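Thanks for coming, everyone. Please take a moment with the sequence and the picture before I start talking.

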Amino acid sequence: MGWHPTQKRKELYHRESRFLLVGNDTLVAFSMFRFEREDDVDLIYCYELQVAPEAQRQGLGRKIVDALVRIGKAYNMEKIVLTVFLGLCLSFGPTRCSCFCSQR
Ligand SMILES: CC(C)(COP(=O)(O)OP(=O)(O)OC[C@H]1O[C@@H](n2cnc3c(N)ncnc32)[C@H](O)[C@@H]1OP(=O)(O)O)[C@@H](O)C(=O)NCCC(=O)NCCS
């Protein structure tokens with residue numbers, strides 16, 4: 001738990017990392033994810049989902065999650081996993097948090 005720059009860099013530059021980037025000249029949002037298999041289940045693991053502060057609360061985060069769901073379905077993944085820190089969950093509220101992360 002916590003911020004570990006070396007570990008995070010390793011994670012981001014992992015050969016199996018895949019990116020969804022949003023923006024034109026400037027990067028506005030991104031997600032880093034990987035196709036993984038855990039306990040015999042094929043899944044998309046979303047390691048990062050970041051929306052620039054000035055672009056937040058305009059539906060971009062949800063669109064990225066929707067895109068991940070579509071990618072997962074296209075590649076026959078069974079689920080999407082996103083780790084959410086308890087603090088973020090508490091600030092969103094449990095209902096919002098599960099809603100934001102739920103599979104659709
Ligand atoms: C979390 C994050 C990705 C959300 O992206 P976003 O583009 O602002 O989210 P959206 O506008 O698509 O909102 C999606 C839902 O979450 C809710 N939401 C978003 N930010 C919220 C907040 N701070 N508090 C409560 N609800 C929030 C929205 O109301 C919406 O729910 P609704 O459709 O039921 O109204 C963005 O705030 C962010 O990048 N935060 C910093 C990084 C981070 O915490 N990443 C997540 C873990 S890797």
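What you see is a predicted model, in which local features need a pLDDT of at least 70 and side-chain atom pairs count only at pLDDT 80 or more, while totals for chains, interfaces and linings use all residues. Residues are numbered from 1 along each chain as its sequence is written.

The protein chain has four helices and four strands, where helices (H or I, at least four residues) and strands (E, at least two) are DSSP runs, numbered from the N terminus. Read from the N terminus, the elements follow the order α-β-β-β-α-β-α-α. Of the 104 residues of the protein chain, 12% count as buried; a residue is buried if 20 or more other C-beta atoms lie within 10 Å of its own, exposed if 12 or fewer, and partly exposed in between, with C-beta atoms placed from the backbone.

β1 and β2 (residues 27-38) run antiparallel and are joined by six bridges, and Phe 19 has Met 32 in β2 as its bridge partner. β2 and β3 are also paired in the antiparallel sense, over ten bridges, and Glu 36 stands opposite Leu 43 in β3. The hairpin of β2 and β3 has two residues between the strands, and in this hairpin Asp 39 takes a positive phi near 50°. β3 and β4, in contrast, run parallel and are joined by four bridges, with Lys 79 in β4 as the bridge partner of Leu 43.

For the 15 residues of α2 (residues 60-74), 1.5 Å a residue gives a span of 21 Å, and the end C-alpha atoms are 21 Å apart, which agrees; the expected span is 1.5 Å times one less than the number of residues.

Which residues of α2 are buried? They are Ile 64, Val 65, Leu 68 and Gly 72. Seen down the axis of α2, these buried residues fall within an arc of 100°, so they line one face of the helix, the arc being that of the directions from the helix axis to the C-beta atoms. The face turned away from the buried side carries the exposed residues Asp 66, Arg 70 and Ala 74. Just after α2, Asn 76 takes a positive phi of about 60°.

Finally, β3, α2 and β4 together make a right-handed β-α-β unit, where right-handed means that, with the strands pointing away from the viewer, the path from the first strand over the helix to the second runs clockwise.

Conventions:
Pairing = 2+ DSSP bridges.
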